[in-house]
Amino acid sequence: MIIFKAADQISEFISEQKQKGKCIGFVPTMGALHAGHLSLIAASKSKNDVTVCSIFVNPTQFNNPDDFKRYPITVEKDIQVLVEAGCNVLFLPPVSEIYPPQYQKKTYNLGQIENTLEGFYRPGHFQGVCQVVDRLLEIVDPHKIYLGQKDYQQCMVVQKLIEIIGKEDDYKLITVPTMRESDGLAMSSRNLRLSETDRKKAPTIYQTLKDLKENYTKNTIDHLTNKAAERLKANEFKVDYVAVVDAKTLEPAKADTKQLVALVAASISDIRLIDNLPLN
Ligand code: AMP
């Protein structure tokens, strides 16, 4: 695996690969890699000649400075697992490569998906996501981008970003299903910070999602989401939202909405976890 830290060097390498006719798959991450990230690497490897992973803990997407400070950093181990997974290229930039002094901060008109759910509880988060993804795409310029469905709204935001920057014909976004622990907990770098007691309670999030999936035709959505929130609170979660919404727009579900998705965001001992499940 080749490791690049400088933006111009990786850009040059990728451009040479493209001239040779190679197809480039890109997996952006913030590190502390787990099997969920590796499923994205595997998906990219199966369809591209060169798989590029980036590890960059993007300061501009953290609305909570403590969350940023406490974000787990495990670079040595990450390099080892990427090598074992057969990743070809790692981009490991310092902040000054992503946001150099001449960087002009942009704002992106994301429409209503910016301010709902995650956007509502994490003001500015999706602008930060767009800033970093825009820069990474500018530098890596891949053919395909692999993102996890675990961050459902983020996938929608990145698709919108691709449209905003006019690259729908150049970049294909591939969404990879959520990898879970055997008890259903969605894999997440933040799980590393859970105490033993909280780790035992954490799968309640997935259980509430499954319950919503099993029952959404049998009861009202309000009743079911309230019940799910109560169940989480009874397990000492602070609940930001339990929502069942239109899977394509994230707007409230109506009687004729065809595709529904249930989404949860809740914190336990200040560790914020998110998860989702398509209902149909
Ligand atoms: P992160 O390092 O948390 O920013 O995640 C990097 C990428 O990995 C994002 O596209 C995430 O959606 C994806 N990802 C994170 N957790 C999982 C998971 N459990 N299953 C599949 N993809 C995931």
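In this predicted model, the side chain of histidine 37 places an N or O atom 2.9 Å from an oxygen atom of the ligand.

**The shell around the ligand**

- There are 16 residues around the ligand, and those that come nearest are Met30, Gly148, Asp151, Met179 and Met187.
- Sorted by class, this shell consists of eight nonpolar residues, six polar residues and two charged residues.
- Strand S2 (24–29), helix H2 (35–47) and strand S5 (144–148) are the elements that each give two or more residues to the shell, and H2 gives the most, with three residues.

**Helix H2**

- Helix H2 has 13 residues, and the distance from its first C-alpha to its last is 19 Å, which is close to the 18 Å expected at 1.5 Å a residue.
- The buried residues of H2 are Gly36, His37, Ser39, Leu40, Ile41 and Ser44, and His37 is also the residue whose side chain comes 2.9 Å from a ligand oxygen.
- The buried residues of H2 pack against S2, strand S3 (50–55), helix H4 (75–85), S5 and strand S6 (172–176).

**Asparagine 276**

- Which strand holds asparagine 276? This residue is found in strand S9, which covers residues 271–278.
- Asparagine 276 has a relative accessible area of 2%, and because that value is under the 20% cut-off, the residue counts as buried.
- A polar atom of the asparagine 276 side chain lies 2.9 Å from the backbone oxygen of glutamine 149, and a polar atom of this side chain also lies 3.1 Å from the backbone oxygen of lysine 150.
- Leaving aside residues up to four places away in sequence, asparagine 276 touches Gln149, Lys150, Tyr152, Arg180, Leu209, Val261, Ala262 and Leu263.

**Helix H7 and the residue after it**

- Helix H7 runs over residues 125–140, and its 16 residues should span 22 Å at 1.5 Å a residue, which agrees with the 22 Å between its end C-alpha atoms.
- Is H7 largely enclosed or largely open? Because 15 of its 16 residues are buried, H7 is largely enclosed by the rest of the structure.
- Directly after H7 comes aspartate 141, whose phi is positive, near 45°.

**Positive phi in two loops**

- As background, most residues other than glycine have a negative phi.
- Leucine 250 has a positive phi, near 70°, and its place is in the loop between strand S7 (238–246) and strand S8 (260–268).
- Aspartate 270 also has a positive phi near 70°, and this residue sits in the loop between S8 and S9.
- Are leucine 250 and aspartate 270 buried or exposed? Leucine 250 is buried, with a relative accessible area of 1%, whereas aspartate 270, at 63% relative accessibility, counts as exposed.

Methods
Residues numbered from 1 in each chain as written. Predicted model: local features only at pLDDT ≥ 70, side-chain atom pairs only at ≥ 80, totals over all residues. Heavy atoms only, no water. Near = heavy atom within 4 Å. Polar contact = N/O pair within 3.5 Å; in protein donor to acceptor, adjacent residues only side chain to side chain. Helix = DSSP H or I, 4+ residues; strand = E, 2+ residues; numbered from the N terminus. Nonpolar A, V, L, I, M, F, W, Y, C, P; charged D, E, K, R; others polar. Expected span 1.5 Å × (residues − 1). Buried < 20%, exposed > 50% of the residue type's maximum accessible area, 1.4 Å probe, protein only. Contact = heavy atoms within 4.5 Å.
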